[in-house]
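Please read this briefing beside the sequence and the model.

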Amino acid sequence: ERIMESGRAWQTAERRAEAQSKEVCDAVKTVALYRQRLETAKHALHRRQEELCKEDQETVAIEAKIHRREQEVAAIVGSLGRGPEVEQALEHATRASEEVHDRLRTCQRCTSGKLEEVAVLSGKRQDFLARFSSAEHALETHESDVGRWKARLQVVQESVDQCEDRCCLLE
């Protein structure tokens, strides 16, 4: 009867070890998935940051152009005594300044949209990092459990071996 109990205990321990092993495999797959998602999010964030940097450079260039146009307007206004040609130059400079201001507003809207995208990606990245950390912790826990079950399985195996040896001696 003890041998049958030991055999059942052995089978139960094997099933538990197999279940733990499956859980560890699932956890490893989950960690790999989270790592892949994290890399994708990092890449997208980097790309967005590069785009924002380019837009910032364009904004600086546009602002410099606006400043030059404003200086031209000031020079033209200062020489108003020259008549119709000064008025034409002033109108031309004003139109150019308005175009530059329109481009600047467009760039600022694009930059604002990109900043929102970066914020969303950053949030997703934090979420993936948290999930990744949780998955790693679960993996460590399952590996520890598997180790304990293997040790228990070894003890049961030794017990079964002793019982078999005793049975042989009794026969």
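How many disulfides does a search of the whole structure find? The search finds zero, a disulfide being a pair of cysteine sulfur atoms within 2.5 Å. This is a predicted model, in which local features need pLDDT of at least 70, side-chain atom pairs count only at pLDDT 80 or more, and totals for chains, interfaces and linings use all residues. Residues are numbered from 1 along each chain as its sequence is written, and side-chain values use heavy atoms, with hydrogens and water left out.

- For Cys163, which is in no disulfide, the nearest cysteine sulfur is that of Cys167, 6.7 Å away.
- Cys168 is also in no disulfide, and the nearest cysteine sulfur, that of Cys167, is 7.0 Å away.
- Cys163 counts as buried because its relative accessibility is 11%, whereas Cys168, at 54%, counts as exposed (buried is under 20% relative accessible area, exposed over 50%, partly exposed in between, with a 1.4 Å probe and protein chains only).

**Asp145**
- Asp145 lies in helix 2 (residues 84-170) and counts as buried because its relative accessibility is 15%.
- The side chains of Asp145 and Arg148 are joined by a polar contact of 2.2 Å (a pair of N or O atoms within 3.5 Å; within protein, one must be able to donate a hydrogen and the other to accept it, and residues adjacent in sequence count only if both atoms are side-chain atoms).

Definitions and conventions:
Helix = DSSP H or I, 4+ residues; strand = E, 2+ residues; numbered from the N terminus.
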